[in-house]
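Please read this note with the model open beside you.

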Amino acid sequence: MLEVENLTVAYGKHIALDNASISVQAGQMVAILGANGAGKSSLLGAIGGRARPQSGVIRYNGQSLLDMPAHKLAEHGIALVPEGRGIFPGLSVEENLRLGAIPKRAREGATETLAEVFNLFPKLAERRGQIAGTMSGGEQQMVAIGRALMSNPEILLLDEPSLGLAPIVVKEVFSALTRIRAKGLTIVIVEQNARATLALADYVYLVEVGRITGSGPAEEIKSNPSVERAFLGGAVAPVNA
């Protein structure tokens, strides 16, 4: 479904991602784990059209995504929830969500999808008229995920969905991800909450200093002590499926 080959992303002279390759199959939840500054967000941003690679290949269902504008990515079924959420703080919850249904692929079923989002996040249904910028960080994260789901995606890209959230809210977000995953949506998640992520993921890539240093089924990664070292910035022993 998604193939990334030899991808390099740089910001000026700083190489954030160096020759990285990952593969995502339809229906999988793939986790990208690593320490702060490892290059995880650069990888997801390149796939989602927010970072321009210096070299490499990104193919989705056999079609190149390089140089494809963000609105075209949405029409192809790719939805990115960026770190920092990126909601419109001056608009209401419902207005933010309905903006997610702008792609043609999402318009016909927008009313039904909105009902599904409200079922997934009951708090949003209760506060559909509230100005999004006045909500808590966790509630804004729900808005961001809900807006992405409104685009009727085939693949959902999540960049640090639990970052900065209280533990009780993290549980709510991951509970929602469990339900989203159960519906068969393909998910690629960048996340530092390794325990919660590994409980859901099918496959994992470990990133350190811009390089993919290990990969394998989530069940194997769970029992590998090198995962902890990945978050501490130490050497990571390769784990290959």
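**Notes on the model**

1. Phe88 has a relative accessible area of 42%, so the residue counts as partly exposed (buried is under 20%, exposed over 50%, partly exposed in between, with a 1.4 Å probe and protein chains only). Phe88 sits in the loop between β6 (78-81) and α3 (93-99); helices (H or I, at least four residues) and strands (E, at least two) are DSSP runs, numbered from the N terminus.

2. This is a predicted model, in which local features need pLDDT of at least 70 and side-chain atom pairs count only at pLDDT 80 or more, while totals for chains, interfaces and linings use all residues. Residues are numbered from 1 along each chain as its sequence is written, and side-chain values use heavy atoms, without hydrogens and water.

3. The largest pocket has a volume of about 570 Å³. A pocket is an open set of points on a 1 Å grid over the protein atoms alone, where a 1.4 Å probe fits, with protein on both sides within 12 Å along at least five of seven lines; lining residues have an atom within 4 Å of a point. The volume is the space filled by probe spheres set on the points, which are joined across faces, edges and corners.

4. Of the 25 lining residues, Ala70, Ala74, Ala79, Leu80 and Arg147 are the closest to the centre of the largest pocket. Two or more residues each come from α2 (70-75), β6 and α7 (137-150), and α2 gives the largest share, five residues.

5. Helix α1 (residues 40-47) is mostly covered, with seven of its eight residues buried. Among them are Lys40, Leu43 and Ile47. Gly49, which follows α1, has a positive phi, near 85 degrees.
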